[in-house]
Amino acid sequence: MLKLTVLALACLVATPLALAEIPRFAEPELIQDGGVPIDVGNYAAPMMFDWNEDGRKDMIVGQFSSGYIRFYPNVGEDSAPVFSGFEYMRASGSQITLPYG
Ligand SMILES: [Ca+2]
C-alpha cells in the first residue's frame with residue numbers, strides 16, 4: 001500500500017514537470033534576402049554559424065537541385081539577422097558541390 005501511495009504521489013508531482021518540458025516553437029517565418037524570401041528548393045536545412053568570423057552568425061544552406069552551398073553573411077545582429085546577397089561556397093578555388101537529388 002505504501003508503494004502504491006508513493007507511486008501515485010510521484011505521478012502527481014512529475015506530471016506538471018513533464019508538461020512544462022514540452023518544447024514550444026515559434027510560428028514559422030520565411031527568411032528573406034534583401035526583402036525577398038529565400039528559395040533553395042526542397043529539403044533546405046539552413047545552419048547558422050559565424051563563417052566569416054565577424055562575430056555575427058551567418059546562414060549556410062544547400063541547394064537540393066544542384067548540390068551547391070550558399071553562404072549568406074549576416075549584416076544584422078544575431079537577434080535579428082539581415083541578409084543581403086549570397087555567395088556560393090568555395091574551397092581551393094573551386095565551387096563546393098555535394099551529392100544531391
Ligand atoms: Ca559572420
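## Getting started

Two residues are in contact here if their C-beta atoms, placed from the backbone, lie within 7 Å. What you see is a predicted model, in which local features need pLDDT of at least 70, side-chain atom pairs count only at pLDDT 80 or more, and totals for chains, interfaces and linings use all residues. Residues are numbered from 1 along each chain as its sequence is written.

## The protein as a whole

Let's begin with the overall layout. The protein has one helix and eight strands; helices (H or I, at least four residues) and strands (E, at least two) are DSSP runs, numbered from the N terminus. Along the sequence, the pattern reads α-β-β-β-β-β-β-β-β.

Of the 101 residues in the protein, 8% are buried. A residue is called buried if 20 or more other C-beta atoms lie within 10 Å of its own, exposed if 12 or fewer, and partly exposed in between, with C-beta atoms placed from the backbone. Among contacts between residues at least 6 apart in sequence, 27% join residues at least 24 apart.

## A sheet of four strands

Now for the sheet. Four strands form an open sheet in the order S3-S4-S5-S6, and their pairing is antiparallel. Strand S3 (47-49) and strand S6 (87-88) stand at the edges with a single partner strand each, so one side of each has no neighbour in the sheet. Two strands pair if DSSP finds at least two bridges between them.

We can walk across the sheet strand by strand. S3 is joined to S4 by three bridges, and Met-48 stands opposite Met-59 in S4. Four bridges link S4 with S5, again in the antiparallel sense. These two strands form a hairpin with six residues between them, and Gly-67 in its turn has a positive phi of about 85°. Finally, strand S5 (residues 69-72) is joined to S6 by two bridges, with Arg-70 having Tyr-88 in S6 as its bridge partner.

## A closer look at Ile-60

Leaving aside neighbours within four places in sequence, Ile-60 is in contact with Pro-46, Met-47, Phe-49, Trp-51, Ile-69 and Phe-71.

Is Ile-60 exposed, partly exposed or buried? Ile-60 counts as partly exposed because it has 17 C-beta neighbours inside 10 Å. Asp-50 is ten residues away from Ile-60 along the chain, and the C-alpha atoms of the two are separated by 9.6 Å.
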